[in-house]
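Hi everyone, thanks for coming. Please take a look at the structure on the screen, and then we'll walk through it together.

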Amino acid sequence: IARVPEATKDELNLATQTAKVAFQNWKSTPVQVRQRVMLRLQELISRHQDDLAHLITAEQGKTMIDARGDVFRGLEVVESACYLGERLMGESLGGIGDGIDCVSFRQPLGVCAGIAPFNFPAMIPLWMFPVACTCGNTYILKPSEKTPGASMMLAQLAKAAGLPDGVFNVVHGAKQTVDFICDDSDIRAISFVGSNTVGEYIHARGTANGKRVQANLGAKNHAVVLPDCPKATSKAIAGAAFGAAGQRCMALSSIICVGDANSMIADVVNEAKLLKIGCGFEEGVDVGPLISPESKQRVESIINEAVQQGAKIELDGRGVKVDGYENGNFVGPTILSNVAPNENCAHIHEIFGPVLVCLEAETLDDAIQLINDNPYGNGCAIFTQNGASARKFQVEVDCGQVGINVPIPVPLPFFSFTGSRGSIRGDIHFYGKQAVSFYTQIKTVTSNWQYTESDLGGVTMPLPGKKI
């Protein structure tokens, strides 16, 4: 499809220095002007949504309808950046002393950087640079070397929307580029989405160099199925488990059937059998290929090992061949039951493929404990028609994002993406109000304006009620 250059050290330095110089003017650009750039970017992305989706499907393999969703969910974050001024407002308090006022401002950090994964080539970059740039920062983005095309097109659209040269820069590479971003003293903050191994490395190295780092990591998302679940539950589970070939951090990779709800497994198997596997460009395809031969090999290896450890295969997607694409990286929907929680490799690891693990629990309390014992905390869900059960679940489960009859509870940009525990490093989340906090710093000014001649303070600390 294309060749991806690996940036040299000189090119990386040039990108950083260009962003540093551009920051001097961009930070002084009124926020309403920065918002208008995002408004034009929103319109251009909307106009080129199919072009972006086509590029994503060509590079990543997901279906066209899923690729359009990739673009659209990112577009919603751009839309939120079009009215960011209110969230950039500071605070003030007048009269804290005789003639003394205090006011705080939100100011941009400077040069920020983002490191994006392969699985959402448009959405994740759009989580990052639109909010950062509207806050007044300049940005350096390193997309995945597997799927760089969407980021390049987004950069072209940002330029056409009026984003000044140097405000948004795209660099390419692998570990050498990541290390540069972590180490360069002019880069103030890093946003990352990807695996635990890489994310923990970036967080440790970046913070050791005094940078802010937000890192969204891996996940093992569970859905609790109660006996009174809605009839549409099995279809929702199949879609959430096998959509995007399971290559998303919010994929529903495990279900916990409570009591006699284990009859749901057969229903999910039947729904999964209806899903069509094939090329993402073809109409009616539900499950596309995995990103690489290595990913396919890893997924099938975990399935093999899980069976050796006692799992039962309810539906086997290994060895799938698609006509016309016999050498493709395809794994079909796979469903495993009789899996030992927190012991079987299929439940321990984030598989990142179309594999659903089926667990069982006697009570809702047991199901909640199973989830809380897992180190990840990205998301979870419960399927029930009982409000009391749903409320108990949302209060007691230790996950950052909870769905009630919603299989993939990803918040809209009015909120923030709030994964927790082992699914995040750093304490400030992506997009929404928290993104503004991440990409800005607070400056507080205390002023003393005396209308008549007055004492401006002495060697002692001011006391309550005493003029300073």
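Buried here means under 20% relative accessible area, exposed means over 50%, and partly exposed is in between, with a 1.4 Å probe and protein chains only. Strands (E, at least two residues) and helices (H or I, at least four) are DSSP runs, numbered from the N terminus.

Before going on, a word on where this comes from. This is a predicted model, where local features need pLDDT of at least 70, side-chain atom pairs count only at pLDDT 80 or more, and totals for chains, interfaces and linings use all residues. Residues are numbered from 1 along each chain as its sequence is written, and side-chain values use heavy atoms, leaving out hydrogens and water.

Back to strand E1. It pairs with strand E2, residues 100-108, in the antiparallel sense over four bridges; two strands pair if DSSP finds at least two bridges between them.

Now, what about positive phi elsewhere? Most residues other than glycine have a negative phi. Ala245 is not a glycine, yet has a positive phi of about 55°. You'll find Ala245 in the loop between helix H9 (233-242) and strand E9 (252-258). Asn338 also has a positive phi, near 55°, and sits in the loop between strand E11 (334-337) and helix H12 (345-348). Buried or exposed? Ala245 is buried, with a relative accessible area of 1%, whereas Asn338 counts as exposed at 57%.

Let's zoom out to the whole chain. The protein chain has 15 helices and 18 strands. Its radius of gyration is 25 Å, close to the 23 Å that the globule rule gives for 468 residues, so the chain is as compact as a globular protein of that length. That radius is taken over C-alpha atoms, and the rule is 2.2 Å times the number of residues to the power 0.38. Along the principal axes, the C-alpha atoms fill a box of roughly 85 × 55 × 40 Å. Finally, of the 468 residues, 54% count as buried.
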